[in-house]
Amino acid sequence: VSGSTGYISRASARFAAAWNEFWFAPSDPLPLAVLRIGVGLLATYIVGSYGFELLRYFGPNGMLPVETIKDVSGTTRFSFLDYASDAASVYVVFGVSMAVLLAFTAGLWTRVTSILSLVAYLTFFHRALILTGWVEPVVAMLLLYLCVGPSGAVLSVDAWLRKKNPDADRKARLPSYQATLSLRLIQVHTAIIYFMMFSGKSHGNFVWWNGNAVWWLIARPGATLIDLRWLYDWPYVINFWTTAIVFFELAFSLLIWNRTARPLLIVVSAVMWTLTALLTGLVPFCTAMFVAGLAFVSAEQWRSLFGKDGVAAGSASWPAVPVVER
Amino acid sequence: MPPAQRPPPTPHTAPPPSEGTRGLITFLLFIHFFFLLVGIKAHTGSPSALDQDLANKVPGLNPYLDLLAMNTDYMFDLTDYDINNPNQFSDDGTQFRPVATDFVVEVDVPQADGSIQTINWPVHPYAKASIGRIRLNRLISQLVVQSELDNENAEKLAFVVAKRIMAETQCGEASKRQPMTVRFRRRLLQILLPDPTLTPEENKRILAEEYARDPLSPDYLQTSFEVLAFLTADNEFQATTKKAASNTAAPAGAPTSPTGPKPTATPSGTGASS
């Protein structure tokens, strides 16, 4: 009995230590800042693209009246657009949303604009629920978790403004548990998405298992960005490409946690999502998935990728602090 | 929450969280991921009774996930396969038909001189792979799929789309004399997988013939839903369904609605997701 008790006690202590290390060990805010820029640009593009058709969808004679959307989607979700009853107020909501998203992307008043960006983004997401596809939930997830951490600590207008106050600037750049928490949430959720994408393809969807799914995508008119119909003569290539997509998704969800496999998976994801964008025409979705995967790139890797001086010349110098390898 | 080794605060890191803060965050993490995983599981094609009960009965679960746009299964399938829709399988279970396909909105616009001008709406087409095109495709996809399931929501959606088209084409006055007609049409495409019973040359000939077809040819499209819309003398918008899920325009051998006769070939189609 005492042996069992000792085992449980040791296991609990190890689990608690690992848990605290995973979620609460301080880490550099640089990866979050890079993600903020990528996610901010994506969210700005998604909301901004409504600008060309604002009244077509949300205007007084628009195609998404509140009551109809409520009936069709079977749910009511809060949106500031529900209170915009005329064209002018629709434009105001759109303008304010865009201003907030641009400020967040640039890293201006980031702590506030990160939360406001999520609200602005969800305002359009909830009202246009029946128009949303796959990219929107991914970007919503990223925006939510970026609210948790100090994503404006570096590479931001905030950092540039803080230059006048070196002490405050140094404190803002310090590795923190909030940065870890934010990054870990993105990492875990991204791994879940990859696993579910794999699961969706393996869960009775035989076109992915019989190796023909890529041909289904190639054969669709007007969707692919380049004409790949010449692959009709290369069925083995189609089979291999289809299988590669399925197993890449499984590998990413499981092996991304291995530090040795991580850089390789990030590089493969760049190739995979570029090819998938060409294949499907779903550029925003493929970009969002690639950006989400960048949460696994450490601060040190970002530094070695861009070079210390190159980024320092832009808006902020790197913090001279020890970096915790994530 | 067992005690943990807290790293001593140094000038090189921000203050670590207190034990109470860590406990609270840990609790919130458990709640968040519990809600998330139950939501994911409940949205998959085959949730267990426990999944469904948890999703429906745990207080706050659905509103929480709805609010954060996380009430989804994340099973993004690039081929628009919908595991919940048994109609996507052919009778022998070997052929697959996507729910979302490419759609065309064809409108007979009444003119002031009494004539009719037929247009494809929107008049200014979207750029290839643009998010605007994807969104409109999703809207029309929902409308057509709902109509094939005999859901009254299809009519509601069709009416608001027709109202918008009337506003954009400015045919309200003319519609008092002759109604505007909106046809929601599904674009058809035969599957082009190589047939192992044919020679490579024959397979290539079939492929060439398929892609030589004009995608806007009437023979290439199947009307799924049709709406007549007009303004009353009091300038009130009125609309009525002319026919739903009609397959009369489908070419011989082409795929039909999921509830109709099975096609001789399997259709492919363009996706409407992003």
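I take a salt bridge to be a side-chain nitrogen of Lys or Arg within 4 Å of a carboxyl oxygen of Asp or Glu. By that rule, the side chains of B:K156 and A:D71 form one, at 2.9 Å from N to O.

**Ground rules.** I am working on a predicted model, where local features need pLDDT of at least 70 and side-chain atom pairs count only at pLDDT 80 or more, while totals for chains, interfaces and linings use all residues. Residues are numbered from 1 along each chain as its sequence is written, chains are lettered from A and ligands numbered from 1 in the order in which they are written, and side-chain values use heavy atoms, with hydrogens and water left out.

**Interface.** I counted three salt bridges between chain B and chain A. With contact meaning heavy atoms within 4.5 Å, 89 residues of chain B touch 87 residues of chain A. The two chains bury about 7,700 Å² between them, 68% of it on carbon and sulfur atoms; this is the accessible area (1.4 Å probe) lost on being put together, summed over both.

**Chain A.** I took helices (H or I, at least four residues) and strands (E, at least two) as DSSP runs, numbered from the N terminus. Chain A has 17 helices and zero strands. Its C-alpha atoms fill a box of roughly 60 × 55 × 50 Å along the principal axes. Of its 326 residues, 59% are buried, where buried means under 20% relative accessible area, exposed over 50%, and partly exposed in between (1.4 Å probe, protein chains only).

**Chain B.** I found seven helices and five strands here, in the order α-α-α-β-β-α-α-α-β-α-β-β. Buried residues are 50% of the 274.

**Helix α1 of chain B.** I checked the length of this helix, residues 19–43: at 1.5 Å a residue its 25 residues should span 36 Å, and the end C-alpha atoms are 36 Å apart, which agrees. The expected span is 1.5 Å times one less than the number of residues. Its buried residues include B:I25, B:L29, B:H32, B:F33 and B:L36. The buried residues of α1(B) pack against α1 (2–24), α7 (135–146) and α10 (177–202) of chain A, and also against α2 (49–57) and α3 (61–67) of chain B.

**A:F80.** I located A:F80 in the loop between α4 (66–73) and α5 (87–106) of chain A.
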